[in-house]
Amino acid sequence: MEATPFLRVSPTKRWTQGSAASGISNSPLKVLIKWKKTKPCCWGYRTKRNNKRLVGERLIVSKMSEFEDAAATSDVKSGNMVFEPILEQGVFRFDCSVDDRNAALPSISFVNSKERDTPIMGNHTLPLYTPTFKCVHGQQIVRIELPIGTTFYGTGEVSGQLERTGKRVFTWNTDAWGYGLGTTSLYQSHPWVLAVLPSGEALGVLADTTTRCEIDLRKESTIKFIALSSYPVITFGPFTSPTDVLISLSHAVGTVFMPPKWSLGYHQCRWSYDSDARVCEIARTFREKGIPCDVIWMDIDYMDGFRCFTFDQERFPDPKSLVEDLHLNGFKAIWMLDPGIKQEEGYFVYDSGSEKDIWIQTANGKPFVGEVWPGPCVFPDFTQSKARSWWASLVKDFISNGVDGIWNDMNEPAVFKVVTKTMPESNVHRGDIELGGCQNHSYYHNVYGMLMARSTYEGMKSANENKRPFVLTRAGFIGSQRYAATWTGDNLSTWEHLHMTISMVLQLGLSGQPLSGPDIGGFAGNATPKLFGRWMAIGAMFPFCRGHTEISTIDHEPWSFGEECEEVCRLALKRRYHLLPHIYTLFYMAHTMGTPVTTPTMFADPKDPRLRMHENSFMLGPLLVYTSTISDQGTDQQQHVLPKGIWLSFDFGDSHPDLPALYLQGGSIIPMGPAIQHVGEANPTDDLALLVALDEHGKAKGVHFEDDGDGYEFTRGGYLLTTYVAELESSVVTVRISKTEGSLKRPKRRLHVQVLLGGFAMVDSWGTDGEILQVMMPSEDEVSSLVSESEKQYNIRMESAKRIPEVEKISGHKGSELSRSPIELKSAVWALKVVPWIGGRIISMEHLPSGTQWLHSRVDVNGYEEFSGTEYRSAGCSEQYAIIEKNLVQAGERESLMLEGDIGGGLFIERLISFPEDNSNIFRIDSSIVARTVGAGSGGFSRLVCLRVHPMFTLLHPTESYVLFTSVDGSKHEVRPESGEKVLEGDHRPNGEWMLVDRCLGLGLVNRFNLSEVYKCFIHWGHGTLNLELWSENRPVSKQSPLRISHEYEVRGIS
């Protein structure tokens, strides 16, 4: 009897998640995937004689000792995952078992869910790495172990570093106004990791689940996913390069929609341009000042009382006329639509939605009502086709007002006045069978924004088949790029966020979403001239380029910060428009082939470990953009680390310390156009420039895509894709066309070829596009002379450039002056030293009667620190703290010190260190995370934060030291170093007091705390050190609901 690889058996009945018949538990599930570089032996087989039954299924069950915290219970299962090849060569689907495979719900990330569920037949490779899993208590934990030296990227929209080793994120779309480096959930969810192996080969891993998923990369070279069971894991590769992995991923989750060319110009926005007159004034100023711009955006205030699909009759009485005026001046108009629909009878959107019964429901079957901008709102259930069609028809009618693009905001979905910042997970979506059927909100939460964007995209497309939709969405899921662009959310006007911008845009590109960018200048807070100018200089090189700021900030237009900043913005945007033919070509390739638009510099040489963590440069195709995100360091003051090979510098005669340096990779040709004020100003007969950088063999190659810039004729052959090649022979560079595609006739235009020589030097020649053109190359001596002269001119431009003045923010808080000398606080029993300028840390904690120094610290690290998140060294431990109040011993008062540190997003850590008058033996620390200026756009709640008290104590006698406490449940504990780390939660927490005991000294350091404020205690033994940590709950804060921990220390004698 011949055996063949098994096929997926579709269930005869689809069970909703959590039903007893399906065997899927509603309780959380962890999946553990472990990759082993061993020959896989996890095949299941099916006989041809009976294709309804699986026989010969073999599973490798790993020993329980392989898994941390393995539970000796009957509901635990573990082992190697079973796999089948899908989609194309090198792509595999892994499941915990065949039953899990058959029970899996449809894929929403895949363009075609059947491609994930259907194995491919014939010859194929076997997986090089096999994941392992553990299923326990409704959680599925998947672990993948890769070779030492592997580096990680992707994970979607995430803050922090580019290389993700050591980080952990949670896919749960969250309104994260003012997020920071350590924020673990932002607006979008991409359960995806791109792993670059030491060899330069790459592997992609997708946990194909819509539910909340933990992506844990804290262990070197190890990927771990934890999510509700059961879900498949899809691997792509290993392939030769990271680009090959991303191309393969695009075959599964789709490529980016083809953007209209105007959408790649500059966009100007703010919350809000409050009238049509102000919009026209902004547009007119761009043209008067000669600053390129294509789009003006209308935020939520254009609406009548925040009701979607309406216009305020006083401030925007005639949107059609406004848009006509904008069009005449070369501007497009984009308008916001939110998902929250005002619950108001007589409002046509609410009435029609209620009639069609398309609202998300509560668990008791009634429409869910949550407060957002208009007040009480209901929310369309975009998981239903009838709801998507209803929304699309509203969008279609809305477009008739002259709307060119639509901005979907608040679609996590965000809900005001609740700590979770979203709707209850118990809410019910009556979803289409092909999406997963009727499920609670926890299943569909992460795809809500994507489905809204899909509905908006389809509505725009139905309104005019000859126009490409442009949709921008805040929330999304892997695959959202099929319908919408995105931006990096409500960032801050800080240098830290400017630096983080580069990694965030790159990570989105490495997760399948190439069309993204930040709010240039920062959304929350007031930018300074230098910060805004530098941000525009870098942002002009990103795929999506938009300036935006929130209500109550100063003006953030390019001319708002003085003439020096205005000139940098003008130069930066002119650069972008020169490069638009190249950027547009990159998007055509991304749309048709799945290639990335922007990539980390290491894509130029994935084998080079120097480039793996480089964050100050990135690639636009073969164009290398090198930036500075340090306020007092211009691009000309940097040491540029370049990939191996030939990299030739150039500019447009515009070099400036605040503009990025540009390099073209040897062997490349990129197309460029003239400086224009908007895309509509361009003409197909305009001069076309080709910038050429020869490789070590004297050759170069590049492509140029052109079409009407809008519509879909390009899908029917109405385009021109030209491949140009250049070759050096006998001191002559010959440039010719080697290949063309498309039926579009080549325009009659001049061709300007510029061959780079290095050091900003070039030689050029003019000809006619379509004809062979030759460029005479200078002799070696002449090249040396040209390079020398070009470098001289570059230095002159740099020296004569009008630099943006150093005007930075000045804190106005009382006592905000910062001394570089530690502040000393003393009582009769204690002597403390505090350094405000680095995290407000306590670096010395001496008990005077015993002469014991309890803290292990340097000025810059360790000692007593406080973090604002669950992640180690999250915001709070390194920022400058201002001294708000300092009381020294005088007139009978006791010493105290009040500090505060700005941790971003309108949040501050406040810390009062004091010696209580009623007990001289103790000192007290009262700390809190408070919300000062949390944006109204977030409903008054901050990002997710946790007050984490992190003292590091010195162990003078490690073998004779231990931690002693009685827990809440009354049990007594003595925890010694050999017991390792301990996490104490619930009734296992100390009952308001624990003590570090040193038996040799006969002393114990007692730490008392308010039990109602402490949700977790953590013990960590180091080499001669001990951390006794207190953690608050992990939640957003508002002005009315700060996080607090009050605790105190005392030394006690031990008999």
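The backbone nitrogen of phenylalanine 152 sits 2.7 Å from a polar atom in the side chain of glutamate 163, a polar contact (a pair of N or O atoms within 3.5 Å; within protein, one must be able to donate a hydrogen and the other to accept it, and residues adjacent in sequence count only if both atoms are side-chain atoms). You'll find glutamate 163 in the loop between β9 (151-154) and β10 (168-171). Strands (E, at least two residues) and helices (H or I, at least four) are DSSP runs, numbered from the N terminus.

Before going on, note that this is a predicted model: local features need pLDDT of at least 70, side-chain atom pairs count only at pLDDT 80 or more, and totals for chains, interfaces and linings use all residues. Residues are numbered from 1 along each chain as its sequence is written, and side-chain values use heavy atoms, with hydrogens and water left out.

Back to glutamate 163: it is buried but has no salt bridge, and the nearest side chain of opposite charge, arginine 612, is 7.3 Å away. Buried means under 20% relative accessible area, exposed means over 50%, and partly exposed is in between (1.4 Å probe, protein chains only). A salt bridge is a side-chain nitrogen of Lys or Arg within 4 Å of a carboxyl oxygen of Asp or Glu. For charge, Lys and Arg count as positive and Asp and Glu as negative, while His and the chain ends are not counted. Leaving out residues up to four places away in sequence, glutamate 163 touches Thr151, Phe152, Tyr153, Arg612 and Met613, where contact means heavy atoms within 4.5 Å.

So where do salt bridges turn up? A search of the whole structure finds 59 of them. One joins the side chains of glutamate 281 and arginine 278, at 3.1 Å from N to O. Both residues lie in helix α4 (residues 276-289), three residues apart, or about one turn of the helix. An α-helix has 3.6 residues a turn, so residues three or four places apart point the same way. Glutamate 281 is partly exposed at 34% relative accessible area, and arginine 278 is partly exposed at 21%.

Other pairs reach across the chain. Glutamate 706 and arginine 749 meet in a salt bridge at 2.6 Å, N to O. This pair links distant parts of the chain, 43 residues apart: glutamate 706 is in strand β39 (residues 699-706), and arginine 749 is in the loop between β41 (732-741) and β42 (750-758). Both glutamate 706 and arginine 749 are buried.

Next, glutamate 993 and arginine 1052 form a salt bridge at 3.6 Å, N to O. Glutamate 993 belongs to strand β58 (residues 993-998) and arginine 1052 to strand β62 (residues 1043-1053), so the pair ties together parts 59 residues apart in sequence. Glutamate 993 is partly exposed, at 29% relative accessible area, and arginine 1052 is partly exposed too, at 31%. Elsewhere, salt bridges that share partners join Glu84, Arg93, Asp95, Arg101, Arg116, Asp117 and Asp208 into one network.

Finally, look at serine 928 in strand β53 (residues 922-931). Serine 928 is buried, with a relative accessible area of 8%.
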